[in-house]
Amino acid sequence: MIERIESTLDSMGQRRMLFIIGDHSSGKTKLVKDCLVRWFGQDSESHYVDVGLYIKDKVADEYLDIYKMYPEEFTEDAEGFFSQLIEEKYKDNKLVIFDHMEYLLSEKYTGWIRILDKVTLKDNTAIIVVPTEYEKSLPLLAYKYLRVE
């Protein structure tokens with residue numbers, strides 16, 4: 001499967017965004033981490049981000065009640081956090097894997113795709129790990145994707 005990912009990445013044109021789709025226990029995270037180790041060795045961890053943990057670390061506990069009452073504020077803040085994450089990760093890396101993005105996927109919010117699209121239209125690449133139940137909310141006709149079974 002790593003060879004399939006490499007082949008897909010090599011065949012990409014301008015839009016360098018790849019979705020890895022599979023069930024929760026299909027081994028998506030292990031697969032992408034194995035790819036990173038193969039490609040970057042000891043530097044592999046700097047190319048991987050658990051987006052859920054990143055957002056959790058950014059959100060102060062006192063805001064949780066506000067977000068429950070005003071979910072649109074979370075969407076706005078999450079977009080800011082995600083933009084900041086993109087800026088941080090692509091400062092030193094050309095390829096980044098984004099995992100555990102359920103908080104964005106579950107809201108059917110696609111602003112994060114626009115944010116990533118801007119940075120991947122340059123020389124950067126994004127690999128996004130997506131559980132099967134969220135694939136219907138993705139614009140898969142516009143991007144490359146692979147299924148992990």
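A: Start inside one helix. Asp34 and Lys30 sit four residues apart in helix H2 (residues 28-40), so about one helical turn separates them. Their side chains form a salt bridge, with the closest N and O atoms 2.8 Å apart. Keep in mind that this is a predicted model.

Q: What lets two such side chains pair?

A: Side chains of opposite charge can pair when their charged atoms come close. Here the Asp34 and Lys30 atoms come to 2.8 Å.

Q: How exposed are Asp34 and Lys30?

A: Read the relative accessible area. Over 50% is exposed, under 20% is buried, and partly exposed lies in between. Asp34 has 33%, so it is partly exposed. Lys30 has 56%, so it counts as exposed.

Q: How many salt bridges does the whole structure hold?

A: A search of the whole structure finds five. One of them joins the side chains of Asp117 and Arg15, at 3.6 Å from N to O.

Q: Where do Asp117 and Arg15 lie?

A: Asp117 is in helix H7 (residues 111-120), and Arg15 is in the loop between helix H1 (2-10) and E1. The pair therefore ties together parts that are 102 residues apart in sequence.

Q: Is Asp117 buried or exposed? And what is the case for Arg15?

A: Asp117 has 12% relative accessibility, so it counts as buried. Arg15 has a relative accessible area of 37%, so it is partly exposed.

Q: Which residue meets Arg147 in a salt bridge?

A: Glu135 does, at 2.8 Å from N to O. This pair links distant parts of the chain. Arg147 belongs to strand E5, while Glu135 is in the loop between E4 and E5, twelve residues away. Check the surroundings too. Arg147 is partly exposed at 34%, whereas Glu135 is buried at 14%.

Q: Which residues are joined into one network by shared partners?

A: Glu3, Glu6 and Arg38. Their salt bridges share partners.

Q: What about a charged residue without a salt bridge?

A: Look at Asp99, in strand E3 (residues 95-99). Asp99 is buried yet has no salt bridge. The nearest side chain of opposite charge is Lys28, 6.4 Å away. A salt bridge needs the nitrogen and oxygen within 4 Å.

Q: What does Asp99 meet instead?

A: Its side chain has a polar contact of 2.5 Å with the side chain of Thr29. Leaving aside residues up to four places away in sequence, Asp99 touches Thr29, Tyr48, Val49, Asp50, Val51, Gly52 and Val129.

Q: Now the strands. How many residues of strand E1 are buried?

A: Count them along the strand. In E1 (residues 17-22), six of the six are buried, so the strand is largely enclosed by the rest of the structure.

Q: Which way do the E1 residues point?

A: Sort them by side. Met17, Phe19 and Ile21 point one way, and Leu18, Ile20 and Gly22 point the other way. Residues on both sides are buried.

Q: Which strands are joined to E1 by bridges?

A: Strand E4 (residues 125-131) is joined to E1 by six bridges, and the two run parallel. Strand E5 (residues 144-148) is joined to E1 by five bridges, also parallel.

Q: Which residues stand opposite each other there?

A: Take one example from each pairing. Leu18 stands opposite Ile127 in E4. Phe19 has Tyr145 as its bridge partner in E5.

Conventions
Residues are numbered from 1 along each chain as its sequence is written. This is a predicted model: local features need pLDDT of at least 70, side-chain atom pairs count only at pLDDT 80 or more; totals for chains, interfaces and linings use all residues. Side-chain values use heavy atoms; hydrogens and water are left out. Buried means under 20% relative accessible area, exposed over 50%, partly exposed in between (1.4 Å probe, protein chains only). Lys and Arg count as positive and Asp and Glu as negative; His and the chain ends are not counted. A polar contact is a pair of N or O atoms within 3.5 Å; within protein, one must be able to donate a hydrogen and the other to accept it, and residues adjacent in sequence count only if both atoms are side-chain atoms. Contact means heavy atoms within 4.5 Å. Two strands pair if DSSP finds at least two bridges between them.
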